[in-house]
Amino acid sequence: MSGEPTKPRSREAVSAKDERSDGLPQAQTSTADDIAAFVARARATSPHAPGAKGRLIFALDATMSRQPTWDMACALQADMFREAAALGSLDIRLVYYRGLNECRATGWISDSTKLATLMSKIDCRGGDTQIGKVLSEARREAVASGVRAVVFVGDAMEEKVDELCAKAGELGMLKVPVFLFQEGHDTVAEQAFREIARLTGGAWCRFDPGAAAQLRDLLRAAAAYAAGGREALLKLSKTTSGAALLIGQMR
């Protein structure tokens, strides 16, 4: 896939006739055979196999209130690549949502300059959160090509938390932790983010609005995990507060 953003090819990319009146896709019931097949695929495509290249999904809320943090993330994403370069290598897939039911994803990118260029072309637009689509895209990629971790940066949650938790549980089965970095103090978002982190074996952390240093540490820590696993994160935690926050929550 080229680097230009496209609509994720997940079960969330459904036509209007497949959606409910609230815009969410119809829930589907999995049979025992479906679940067994899913687990088998998950084990066969484990992203933690020896020699596997680190792959990180970098997901951002690009609704209107996020413009300052989007601009900050554009500048800080290079730090993720630098951290990973010291450990091996890292591919990043940018996923973002904004506006009226728009959720897009890039291809896998291994160059920080290319990712920064793509991000600089994206403007934030008003709309509701679409975290469910982010989780579905992460699951699809985890099964298709392997994902070591998901980073999500946002400040709100306007969806049904039980549906998000079901998707998070699938990522937990795939052993793909989600690191949720929350800007601000929205209590509804915090409760949902904490539960998603728990179900996936990831972590939730808050950073202050405009706090570039805090977000930088958290992104570096997530990149360290994606490139070098738990051992790399543990090593970084001895010198970096962001890594210590993540490793302290991961099970």
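Arg-98 stands opposite Glu-102 in strand 3. Strands are DSSP runs of E with at least two residues, helices are runs of H or I with at least four, and both are numbered from the N terminus. The model is predicted: local features need pLDDT of at least 70, side-chain atom pairs count only at pLDDT 80 or more, and totals for chains, interfaces and linings use all residues. Residues are numbered from 1 along each chain as its sequence is written, and side-chain values use heavy atoms, with hydrogens and water left out.

Strand 2 and strand 3 pair in the antiparallel sense over four bridges; two strands pair if DSSP finds at least two bridges between them. Three residues separate strand 2 from strand 3 in this hairpin. Gly-99 in the turn has a positive phi of about 55°.

Strand 1 (residues 54-61) and strand 2 (residues 90-98) run parallel and are joined by eight bridges. Phe-58 stands opposite Leu-94 in strand 2.

Four aromatic pairs are found in the whole structure. Rings of Phe, Tyr and Trp (its six-membered ring) pair if their centres lie within 6.5 Å; planes under 30 degrees apart count as stacked, over 60 as edge-to-face and the rest as tilted. The ring centres of Tyr-97 and Phe-152 are 6.4 Å apart and the planes lie at 15°, so this pair is stacked. Tyr-97 lies in strand 2 and Phe-152 in strand 4, so the pair ties together parts 55 residues apart in sequence. Tyr-97 is buried at 0% relative accessibility, and Phe-152 is buried at 2%. Buried means under 20% relative accessible area, exposed over 50%, and partly exposed in between (1.4 Å probe, protein chains only). Phe-152 and Phe-193 have ring centres 5.6 Å apart and planes at 75°, so they are edge-to-face. Phe-193 lies in helix 6 (residues 187-200) and is also buried. Tyr-97, Phe-152 and Phe-193 form one aromatic cluster.

Salt bridges number 19, each a side-chain nitrogen of Lys or Arg within 4 Å of a carboxyl oxygen of Asp or Glu. Asp-155 and Arg-66 meet in one (3.2 Å, N to O). Asp-155 lies in the loop between strand 4 and helix 5 and Arg-66 in the loop between strand 1 and helix 2, so parts 89 residues apart in sequence are tied together. Arg-66 is buried at 2% relative accessibility. Glu-141 bridges to Arg-93, with the closest N and O atoms 3.7 Å apart. Glu-102 forms a salt bridge with Arg-125 at 3.6 Å between the closest N and O atoms. Glu-102 is buried at 13% relative accessibility, whereas Arg-125 is partly exposed at 36%. Arg-98, Glu-102, Arg-104, Asp-123 and Arg-125 are linked in a network of salt bridges.
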